[in-house]
Amino acid sequence: MMYTRKPAHRRRIVLIDIENIVGGGVLMSEQVQAAQAAIAAAVVPRNNDQIVIACGRFSVDVVGFEWRGPRRLVFRAGTNGADLELLEILETERVGDRFTEIVLVSGDGIFTEVVSRLGLHADVTVASRTESCSRRLRMAAKRVLDIDYDPNAIMEAA
């Protein structure tokens with residue numbers, strides 16, 4: 001098989017900041033399961049999606065064990081650790097060349113510039129909880145999907 005710089009037809013990468021969806025550190029398996037279901041309802045997974053999940057160091061065990069299906073798990077300690085991991089992937093792994101569609105599951109404004117830049121070459125969608133999505137990020141994305149996840153419901157059920 002020969003390497004080509006042309007993007008594969010209809011390849012999609014889904015990059016998930018799971019702590020942004022659950023509203024903080026992931027402590028319980030129920031948080032991961034509910035977040036995965038809410039993300040799937042909004043994003044509608046495809047069989048050939050490349051899934052990348054980012055979290056902080058203290059969430060990695062629960063996320064790694066509880067997320068169902070194939071995925072790449074990245075983590076980093078410190079403030080904005082998950083964001084910085086996803087930014088590094090978006091900026092250094094040529095995702096705009098390798099994928100025709102990019103879905104960022106996060107509402108953090110730190111992604112605004114890279115989403116805007118990638119949008120020149122790829123179809124970029126942002127998926128986030130409505131109340132936690134930066135207005136600038138919403139404007140930078142081609143499409144915005146709202147994720148229906150209530151972090152308080154999970155904590156009350158526990």
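Biologist: Which residue in E3 is the bridge partner of Cys 55?

Modeller: This is a predicted model, in which local features need pLDDT of at least 70 and side-chain atom pairs count only at pLDDT 80 or more, while totals for chains, interfaces and linings use all residues. Residues are numbered from 1 along each chain as its sequence is written, and side-chain values use heavy atoms, with hydrogens and water left out. Strand E2, residues 50–55, is joined to E3 by 4 bridges, and these strands run parallel. In E3, Cys 55 has as its bridge partner Phe 75.

Biologist: Which strands stand at the edges of the sheet, each with a single partner strand?

Modeller: Helices (H or I, at least four residues) and strands (E, at least two) are DSSP runs numbered from the N terminus, and two strands pair if DSSP finds at least two bridges between them. With parallel pairing, 6 strands form an open sheet in the order E3-E2-E1-E4-E5-E6. One side of each edge strand is left without a neighbour in the sheet, so the strands asked for are E3 (72–75) and E6 (143–146).

Biologist: By how many degrees are neighbouring strands of this sheet turned against each other on average?

Modeller: Axes are lines fitted to C-alpha atoms, for helices over the stretch in contact, and angles run from 0 to 180 degrees between N-to-C directions. For neighbouring strands here, with direction ignored, the average turn is 20°.

Biologist: What angle does the direction of helix H4 make with that of E1?

Modeller: Helix H4, residues 81–92, packs on the sheet, where it touches E1 (12–17), E2, E3 and E4 (101–105), and a contact means heavy atoms within 4.5 Å. Its direction makes with that of E1 an angle of about 160°.

Biologist: How far apart are the end C-alpha atoms of H4?

Modeller: The expected span of a helix is 1.5 Å times one less than its number of residues. The 12 residues of H4 should therefore span 16 Å, and this agrees with the distance between its end C-alpha atoms, 16 Å.

Biologist: Is Leu 86 buried or exposed?

Modeller: Leu 86 is found in helix H4, and its contacts beyond four places in sequence include Leu 15, Val 52 and Phe 111. Buried means under 20% relative accessible area, exposed over 50%, and partly exposed in between (1.4 Å probe, protein chains only). Because its relative accessible area is 0%, Leu 86 is buried.

Biologist: At what distance does the side chain of Ser 134 reach the backbone nitrogen of Arg 136?

Modeller: Ser 134 sits in the loop between strand E5 (123–128) and helix H7 (135–140), and it is buried, with a relative accessible area of 18%. A polar contact is a pair of N or O atoms within 3.5 Å; within protein, one must be able to donate a hydrogen and the other to accept it, and residues adjacent in sequence count only if both atoms are side-chain atoms. The side chain of Ser 134 reaches the backbone nitrogen of Arg 136 at 3.2 Å.
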